[in-house]
Amino acid sequence: MIEAELKARVQAPEAVMRQLDERATARVEVYRDTYYDRPDGSLEKSDQELRVRTVHGADGTRTVLTFKAAAVDEASGSKPEHETQVTDAEAVHAIVRGLGHVPVIAFEKRCRNYDFEAYGRQMLATLVRVPEIGGTFLEIETLVDEDDVSSALDDIRAVLAELGIGSEDLTRELYTDAVAAQRR
């Protein structure tokens, strides 16, 4: 499946949050993300991502291993995504390192997640704040087959418009790059 996704900088986070609260119940979670690469940087060079994410929320803590292949839609950066939950965070970090990958960057994201249906699709909207970088972001995603990415992105744009977010607010900026720039 492809994660059709758009990300935007939010100019009025409280207003967007109120509108999302009307659509669904928020799941407030803190993500601790660690991104890995091969020592030669070949995952990043080929637009791939390997991430271990530990999520802390009201329902407890869970850890997810994610691999994202190269983008299939250049404008949005939408990528095929393969993800699985793991029961032991330390073990999965040790396995990834044992396979020769090195941690590149780790950081925290504070998220409000909203699951809802729009335009006949299951969508996930996430309001994101990364303490190390300024501003609030909104990510909206839905999982689709590759031949449905363009149509799904149109539906996501429609939801963004309903929330008062225009195309001028869209960004492809990666949190990893923004955090790395702040740390330099």
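Student: Leaving aside its neighbours within four places in sequence, which residues is Ile140 in contact with?
Tutor: This is a predicted model. In it, beyond the neighbours within four places in sequence, Ile140 is in contact with Ala4, Glu5, Leu6, Met123, Leu124, Ala125, Ile156, Val159, Leu160 and Leu163.

Student: Which residues touch the most other members of the largest nonpolar core?
Tutor: They are Leu20, Phe116, Leu138, Ile140 and Ile156, in a core of 25 residues. Two or more residues come from each of E1, helix H1 (13–23), E6, E7, E8 and helix H4 (149–162). The most come from H4, which gives six residues.

Student: What tends to happen to nonpolar side chains in general?
Tutor: In soluble globular proteins, they tend to be buried together.

Student: Apart from that core, what other core is there?
Tutor: Another core, of 13 residues, lies apart from it; Ile105, Val130, Tyr175 and Val179 are among its members.

Student: Why would residues three or four places apart point the same way?
Tutor: An α-helix has 3.6 residues a turn, so residues at that spacing point the same way.

Student: Let me step back. How many helices and strands are there in the protein chain?
Tutor: The protein chain has five helices and eight strands. Their order from the N terminus is β-α-β-α-β-β-β-α-β-β-β-α-α.

Student: How does the radius of gyration of the protein chain fit that of a compact globule?
Tutor: For 184 residues, a compact globule would have a radius of gyration near 16 Å, and the protein chain agrees with that, since its value is 16 Å. Along the principal axes, the C-alpha atoms fill a box of roughly 45 × 35 × 35 Å. Of the 184 residues, 46% are buried.

Student: What about contacts between residues at least 24 apart?
Tutor: Such pairs account for 63% of the contacts between residues at least 6 apart in sequence.

Student: New topic. How many salt bridges does the structure hold?
Tutor: There are 19 salt bridges. One of them joins Lys68 to Glu3, with the closest N and O atoms 3.2 Å apart. Lys68 belongs to strand E4 (residues 60–68) and Glu3 to strand E1, so this pair ties together parts 65 residues apart in sequence.

Student: Are Lys68 and Glu3 buried or exposed?
Tutor: Both of these residues, Lys68 and Glu3, are buried.

Student: Which residue does Arg27 form a salt bridge with?
Tutor: Its partner is Asp115, and the closest N and O atoms are 2.5 Å apart. The two are 88 residues apart in the chain, with Arg27 in strand E2 and Asp115 in strand E6. Arg27 is partly exposed, at a relative accessible area of 28%, and Asp115 is also partly exposed, at 42%.

Student: What about Glu49?
Tutor: Glu49 forms a salt bridge with Lys79, where the closest N and O atoms are 2.9 Å apart. Both Glu49 and Lys79 are buried. As for shared partners, salt bridges join Arg27, Glu29, Arg62 and Asp115 into one network.

Student: Where does Ala24 lie?
Tutor: Ala24 is in the loop between H1 and E2. Ala24 is buried because its relative accessible area, 13%, falls under the 20% cut-off.

Student: One last topic. What is phi of Asp47?
Tutor: Phi of Asp47 is near 65°, a positive value in a residue other than glycine. Asp47 is in the loop between helix H2 (42–45) and E3. Tyr119, in the loop between E6 and E7, has a positive phi of about 55° and is not a glycine either.

Definitions and conventions: Residues are numbered from 1 along each chain as its sequence is written. This is a predicted model: local features need pLDDT of at least 70, side-chain atom pairs count only at pLDDT 80 or more; totals for chains, interfaces and linings use all residues. Side-chain values use heavy atoms; hydrogens and water are left out. A nonpolar core is a set of buried Ala, Val, Leu, Ile, Met, Phe, Trp, Tyr and Cys residues joined through side-chain atoms within 4.5 Å. Buried means under 20% relative accessible area, exposed over 50%, partly exposed in between (1.4 Å probe, protein chains only). Helices (H or I, at least four residues) and strands (E, at least two) are DSSP runs, numbered from the N terminus. Contact means heavy atoms within 4.5 Å. A salt bridge is a side-chain nitrogen of Lys or Arg within 4 Å of a carboxyl oxygen of Asp or Glu. The radius of gyration is taken over C-alpha atoms; the globule rule is 2.2 Å times the number of residues to the power 0.38.
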